[in-house]
Amino acid sequence: MIPRTRPQDTDRQGDWRQELRQAITEPEELLQILRLPKSRWLAGARQAARQFSLKVPRSFVTRMTPGDPQDPLLRQVLPLADETYHVDGCHQDPVEDTASTCEPGLIQKYAGRTLMITTGACAIHCRYCFRRHFPYSRSHTGGRNLDRALSAIQVDTSLSEVILSGGDPLMLDDQQLANILSQIDRFPHIERIRIHTRLPVVLPARIDHSFVTILDKAKKTVTLVIHCNHPNEINNEVSLALSMLHNAGIRLYNQSVLLRGVNNHAGTLVQLCKDLFECHVQPYYLHLLDPVQGAAHFDVPEQEAITIYRETKKQLPGYLLPQLVREIPGESAKTAINV
Ligand SMILES: *Cc1c(COP(=O)(O)O)cnc(C)c1O
Ligand code: SF4
């Protein structure tokens, strides 16, 4: 059961920037805080971090168990030597984002929905990220590219939904977000705005009064899709942040990635879905891992995934069960796995 306290002092404006600056980026410090032996982990972590740096907010680290190298939250952020091995069938751009990019930072794969890479920045670096090699520096909708992307959305009347993604769109400051939302508000054909973000989970201080006010002012229906993989990620602060969003009338969904050593057990997934529900979040997708270079050790083969999913399904009401999907490049939607 997630403790539900009423948010009282919800105005923590600006604090999240400071928390972000204090995020851990040195493998040595992370190992020290968690009392893990440097002799076992440090060399591999440093080597892998050269390709994709370590980044984890301190508040996320406090949810890990010291001394446990298999902690499911630690596994998501600790760089390992495994990432540096070449694995056949893994790619830099596993879902072919580049081929679907119409303007810099604007990706459209599915009818009616376009996705904006609003920034390359994230509050946390998830080792399994399918965009870990994404060329953010030349392909995002920041700076001058923003007008180009918005113009393309304005003239394409087949669109009805704009997805703000990244990176993490909540890494933008409130003013930048308010600007994007208010510009999209002017397009009559756009009905919905969706925000894909991991910040309510990994840096819940981001969800402050000022941010909620911006969402509240948007004329379009705003949906937030958060990203949470394990019940241990949800603490009281996360629960309060999600309550704030819920109380502001924002619909909340969650997507997870099925990850070996993190959540590849029915019991874990069942608990996650129940805890999300207590936080007003509807489980949406459970993704099979995209075959991105550096993340093969997280892979759960499809047959094993189906077994785990069937067991999960037995233990949950239908409305708490996420859809098990994978992304197949070129398909017109995420592909449901036949179970
Ligand atoms: C996954 C994805 C979406 C969203 O798909 P839904 O099934 O609507 O959640 C939209 N655009 C791109 C490029 C995507 O990868
Ligand atoms: S927050 Fe999302 S985009 Fe950022 S590293 Fe994690 S999975 Fe990738």
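Residues are numbered from 1 along each chain as its sequence is written, while chains are lettered from A and ligands numbered from 1 in the order in which they are written. In this predicted model local features need pLDDT of at least 70, side-chain atom pairs count only at pLDDT 80 or more, and totals for chains, interfaces and linings use all residues; side-chain values use heavy atoms, with hydrogens and water left out.

**View 1. The surroundings of ligand 2.** Look around ligand 2 and you will meet C122, I124, C126, C129, G167, R198 and H227, each with a heavy atom within 4 Å of it. This shell holds four nonpolar residues, two polar and one charged; here Cys counts as nonpolar, Arg as charged and Gly as polar.

**View 2. V56 in the largest nonpolar core.** That core has 79 residues, and V56 is listed with L30, M64, L164, L215 and L245 as those with the most contacts inside it. A core joins buried Ala, Val, Leu, Ile, Met, Phe, Trp, Tyr and Cys residues through side-chain atoms within 4.5 Å. Leaving out residues up to four places away in sequence, V56 touches A23, I24, L30, V61, M64, V77, A123 and I124 (contact means heavy atoms within 4.5 Å).

**View 3. F298 in its loop.** You can find F298 between strand 8 (281-287) and helix 12 (302-314); helices (H or I, at least four residues) and strands (E, at least two) are DSSP runs, numbered from the N terminus. F298 counts as buried because its relative accessibility is 1%, buried meaning under 20% relative accessible area (1.4 Å probe, protein chains only). Beyond four places in sequence, F298 touches R75, R127, Y128, L258, L259, R260, V262 and L289.

Technical notes: Buried < 20%, exposed > 50% of the residue type's maximum accessible area, 1.4 Å probe, protein only.
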